[in-house]
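Subject: Structure for your review

Dear colleague,

I would be grateful if you kept it open while reading the notes that come after it.

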Amino acid sequence: MFGCECIFWNRVADTADSVPESFSLPAPIPRWSQGSGFATKIIKLGELEAYQVTEFELIWSSNVSTKKKHGVGFYKPIGIPQGFYCLGHYCQSNGKPLRGFVVVAREAATIKKDDHKRKPSLSNPVDYALVWGSDDVTDENFNGGAYFWLPQPPEGYKALGFVLTTSSEKPDLKQVKCVRADLTDACQGYSLITKMYSKPSNFRLMVFNTRPSYRGMYERGVYVGSFYCSSSEPKNELEIGCLKNMDENLAAMPNEDQIHELVQHYGPTLFLHPDEVYLPSSVSWFFDNGALLCSKENSKGQVIHADGSNLPTGGTNDGGYWISLPSDDEKVNLKLGNLESTKLYLHIKPALGGTFTDIVFWIFCPFNGPGTLMVGMVNLALGKVGQHVGDWEHFTLRISNFSGELWKMYFSQHSGGKWIDAYDLEFVHGSNKPIVYSSRSGHASFPHPGNYLQGLEKLGIGVRNDAARSDRYVDSSIQYEIIAAEYLQGVAKEPCWLQYMRKWGPTVVYNSRAELEKIIKILPPTIKNSLEGVLNKLPLELYGEDGPTGPKEKNNWMGDERW
């Protein structure tokens, strides 16, 4: 399931040069306006208070053969404020800047110390269990040992991380704290960082990133930055947990003024492809210029009010209504969109238990153009395959509520997407505003220009997603509208069209598989055999026209992004 090169380990003294450089955003972070618990460094979680530590001391580092950048490092947090306690150590690849964090915790000052009926929120472990040790290594390249320890919590408590030492002696019981179980949430491992083998026993250890098991704007699991390690792939629920935000008010979320400051400081610039034909527009422009509301009872459709006030609201996507284009010359103009009217529609929501803020930028395009199939060096236009009326795409900024710093960004790409860390983003010169590249015709979002394939990328066969910069762009730090921020009651007035849960385009069924097979027949046998396998991997949207549902019908409206 996971691919990873074998690694060998060195002592810290031998690998000081392997510590990655730290990363800072290209521009200074402003001082945000006051009025809430946002960006005050400490977040109240109920009985606990949390602090985000981003400074570390290297404990042990590895190299993959001689490729130092492919190794990993294990770190302990330093500079922990007085009264806060470490919950576990940190691990990351050496191939990227040192830019992670761990959450440390202390008991809230408002908790009564003389309440003898209540167990303390934090407690020392009663022991440590050795998970993996390298004391049987004999090769000279393995000079120095490493030992991974799982804290053993008292009854009613939960460990939240692992401890790494370079000695076979057990760590001090005061080195980390365990957390009372009712103040924790379930945690899962989700991607392999590295794996290693002790010699000569060849005993394996696998190290994984962690995340809360339940994620979304109403979930309360708090990511603490720790890793998970085991001799096998992680179970659905781990022995360690994450913190849980018990503060119903989510006091660290930004207020209305701070939201506008964040958008104006971090709002991405969206660049369209130089050859893009189907431009975005505002929703009101789309309605004003001829979009029709159709139904089973009225297939010809009726004019939609500019604010969408005559659209059916609520319910589910039952197929009873859909939006379509007019049948006259207005249809062509409507499909082309209108860049001048375009704005980004913003959904502001809590993430990771309210310790981060997700700003979701939704963009609307009246029409999604047909696809292009790439087979080696040959490009094959797919005619109408892949086209549909109405196209909703999005990208998301994830901002730390501890500091107000942009942490990462999600790029939606058709039925999936990818999180990109801030250090791997492109920024508008002299600012902290990321750049987004919108793919030609399909409008998927990418962090860098290039030709991205959906299909068998290694064989050079798949549907093209071409992304490049042009002189046509949308600046979301200016052209935006906040359409929802549920945690701030009464602040954002949701537009009428947001309550429309049906299709934004008609469903048109045609045998696009047959059309693709016509293309395949003219290809050489070697390419033909590979391409037939690709057809089953192509996006479902290529097999007919099917308008999308609106933002509120997407899984990520209430849930987390797909990662």
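The notes below describe what was found, topic by topic. Please bear in mind that this is a predicted model.

**Salt bridges**

A search of the whole structure gives 15 salt bridges. One of them joins the side chains of Glu-49 and Arg-106, with a distance of 2.7 Å from N to O. Glu-49 belongs to strand E3 (residues 48-53) and Arg-106 to strand E7, so this pair ties together parts that are 57 residues apart in sequence. Are the two partners buried or exposed? Glu-49 counts as buried because its relative accessibility is 8%, a value under the 20% limit for that class. Arg-106, at 25% relative accessibility, counts as partly exposed.

A second salt bridge is formed by Asp-560 and Arg-215, whose closest N and O atoms are 3.2 Å apart. Here, distant parts of the chain are linked: Asp-560 is in the segment after strand E38 (545-546), while Arg-215 is in the loop between strand E16 (204-212) and strand E17 (221-222), 345 residues apart. Asp-560 counts as buried, at 14% relative accessibility.

Lys-552 and Glu-494 also form a salt bridge, and their closest N and O atoms are 2.8 Å apart. This pair again links distant parts of the chain, since Lys-552 is in the segment after E38 and Glu-494 is in the loop between strand E36 (480-484) and strand E37 (507-508), 58 residues apart. Lys-552 is partly exposed, with 23% relative accessibility, and Glu-494 is partly exposed as well, with a relative accessible area of 26%.

There is also a network: Glu-47, Glu-107, Arg-118, Arg-180 and Asp-182 are joined into one by salt bridges that share partners.

Where does Arg-99 lie? Arg-99 is found in the loop between strand E6 (90-93) and strand E7 (102-107). Arg-99 is classed as buried because its relative accessible area is 11%. The side chain of Arg-99 makes a polar contact of 2.9 Å with the side chain of Glu-405. The side chain of Arg-99 also reaches the backbone oxygen of Leu-406, at 2.7 Å. If neighbours within four places in sequence are left aside, the residues in contact with Arg-99 are Phe-23, Tyr-90, Gln-92, Glu-405, Leu-406, Trp-407 and Ala-422.

**Helix H1**

Which residues of helix H1 (residues 256-266) are buried? They are Gln-258, Ile-259, Leu-262, Val-263, His-265 and Tyr-266. The buried residues of H1 pack against E24, E25, strand E28 (388-400), strand E29 (406-413) and E36.

Four strands form an open sheet with mixed pairing, in the order E32-E31-E20-E35. Its edge strands, E32 and strand E35 (473-475), each pair on one side only. E31 and E32 pair in the antiparallel sense over two bridges, and Ser-438 stands opposite Ser-445 in E32.

Ser-441 is placed in the loop between strand E31 (435-438) and strand E32 (445-446). Its phi is near 75°, a positive value in a residue other than glycine. As background, most residues other than glycine have a negative phi. Ser-441 is buried, with a relative accessible area of 12%.

Leu-352 also has a positive phi, near 50°. Leu-352 lies in the loop between strand E24 (344-351) and strand E25 (356-368), and counts as buried at 10% relative accessibility.

Which residues make the nonpolar surface patch of about 230 Å²? The patch is made by Val-277, Val-332 and Leu-336. Val-332 is located in helix H3 (residues 330-336). Val-332 counts as exposed because its relative accessibility is 52%, and the limit for that class is over 50%.

Yours sincerely,

A colleague

How values were computed: Residues are numbered from 1 along each chain as its sequence is written. This is a predicted model: local features need pLDDT of at least 70, side-chain atom pairs count only at pLDDT 80 or more; totals for chains, interfaces and linings use all residues. Side-chain values use heavy atoms; hydrogens and water are left out. Patches are made of residues with over 30% relative accessible area and no salt bridge: like charges are joined within 9 Å, nonpolar side chains (Val, Leu, Ile, Met, Phe, Trp, Tyr) within 5 Å. Accessible areas come from the Shrake-Rupley method with a 1.4 Å probe; for residues, only the protein chains shown count as cover. A salt bridge is a side-chain nitrogen of Lys or Arg within 4 Å of a carboxyl oxygen of Asp or Glu. Buried means under 20% relative accessible area, exposed over 50%, partly exposed in between (1.4 Å probe, protein chains only). A polar contact is a pair of N or O atoms within 3.5 Å; within protein, one must be able to donate a hydrogen and the other to accept it, and residues adjacent in sequence count only if both atoms are side-chain atoms. Contact means heavy atoms within 4.5 Å. Two strands pair if DSSP finds at least two bridges between them.
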